[in-house]
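Subject: The model I promised

Hi,

Here is the structure we talked about, sequence included. Have a look at it first, and then read on for my notes.

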Amino acid sequence: MTSERPWVRGELPWIRSGPLFRVHQDSARALNKFLDRWSYRRVELDGRRMTSRADAHTELRGAFGFPGYYGKNWDAFNDCFGDYVLENNGALIAVVWTGIEAAAKAAPATTAEVGWALLQAADGQMHSVAPGDNWSVSLDVFAIGSGPDFDRAG
């Protein structure tokens, strides 16, 4: 558990995007060093397996360790993410989303929804916790890709 939250753009000033940090695959090594230095817990998403709404929810369920009864919809994500926050209270978490370009090509609306949900989760708005509970995680979302829309070191 960490009480200190890193400033992503301060340590990786070449990142210009955000709040969904887009990192060129050529700079993934620099990102990994940053994540290791800060002892982030990683949640790995593979966009190549997120080519439909159902597949995206299957990938989210596996990546976050949601239970088998996860309902493959945003209400279920909200509920299960609340449990995830409880189980990881105080943790520093990096969602590392590879293959986002494949997901966006095959299922653009679903990819936008996943990005929105992850950013809502990062902002503390996408999880159910009991009123008065102060559980939280520090979550940063990094999309790894190869196109010109991704930021490069140097």
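Predicted model: local features only at pLDDT ≥ 70, side-chain atom pairs only at ≥ 80, totals over all residues.

**The strands**

I'd start with strand E4, residues 138-145. Of its 8 residues, 7 are buried, so E4 is largely enclosed by the rest of the structure. E4 has partners that you can pick out by eye. Strand E1 (residues 20-24) runs parallel to E4 and is joined to it by 5 bridges.

**The salt bridges**

How many salt bridges does the structure hold? The count is 7, and I'll go through some of them here.

Asp-140 pairs with Arg-5, and their closest N and O atoms are 2.8 Å apart. Asp-140 belongs to strand E4 while Arg-5 is in the segment before helix H1 (8-11), so this contact ties together parts that are 135 residues apart in sequence. Is Asp-140 buried or exposed? Its relative accessibility is 5%, so Asp-140 counts as buried. Arg-5, by contrast, is at 40% and counts as partly exposed.

Next, Arg-37 forms a salt bridge with Glu-11, with 2.8 Å between the closest N and O atoms. Arg-37 counts as exposed at 52% relative accessibility, and Glu-11 is partly exposed, with a relative accessible area of 31%.

Then there is the salt bridge between the side chains of Arg-152 and Asp-26, at 2.8 Å from N to O. Arg-152 comes in the segment after E4 and Asp-26 in the loop between E1 and H2, so the pair ties together parts that are 126 residues apart in sequence. Arg-152 is partly exposed, with a relative accessible area of 45%, whereas Asp-26 is exposed at 52%. While you are there, check Arg-22 as well: its C-alpha atom is 9.0 Å from that of Arg-152, although the two residues are 130 apart along the chain.

**The charged patch**

Turn the model to helix H4, residues 74-87. Which residues form the negative surface patch? They are Asp-75, Asp-79, Asp-83 and Glu-87. Asp-83 is a handy one to click on: this residue lies in H4 and is partly exposed, with a relative accessible area of 39%.

**Backbone points to check**

A few spots deserve a look at the torsion angles. The peptide bond from Gly-18 to Pro-19 is cis, and its omega is near 15 degrees. Pro-19 sits in the loop between H1 and E1.

Ser-39 is not a glycine, yet its phi is positive, at about 55 degrees. You'll find Ser-39 in the loop between H2 and E2, where it counts as exposed at 56% relative accessibility.

Lys-72 also has a positive phi of about 55 degrees without being a glycine. Lys-72 is in the loop between helix H3 (53-64) and H4, and this residue is partly exposed, with a relative accessible area of 38%.

Cheers

Terms used: Residues numbered from 1 in each chain as written. Heavy atoms only, no water. Patch = residues over 30% accessible without salt bridge, like charges linked within 9 Å, V, L, I, M, F, W, Y side chains within 5 Å. Areas by Shrake-Rupley, 256 points an atom, 1.4 Å probe, with all protein chains shown as cover. Salt bridge = Lys/Arg side-chain N within 4 Å of Asp/Glu carboxyl O. Lys, Arg positive; Asp, Glu negative; His and termini not counted. Charge placed at Lys NZ, Arg CZ, Asp CG, Glu CD. Helix = DSSP H or I, 4+ residues; strand = E, 2+ residues; numbered from the N terminus. Buried < 20%, exposed > 50% of the residue type's maximum accessible area, 1.4 Å probe, protein only. Pairing = 2+ DSSP bridges.
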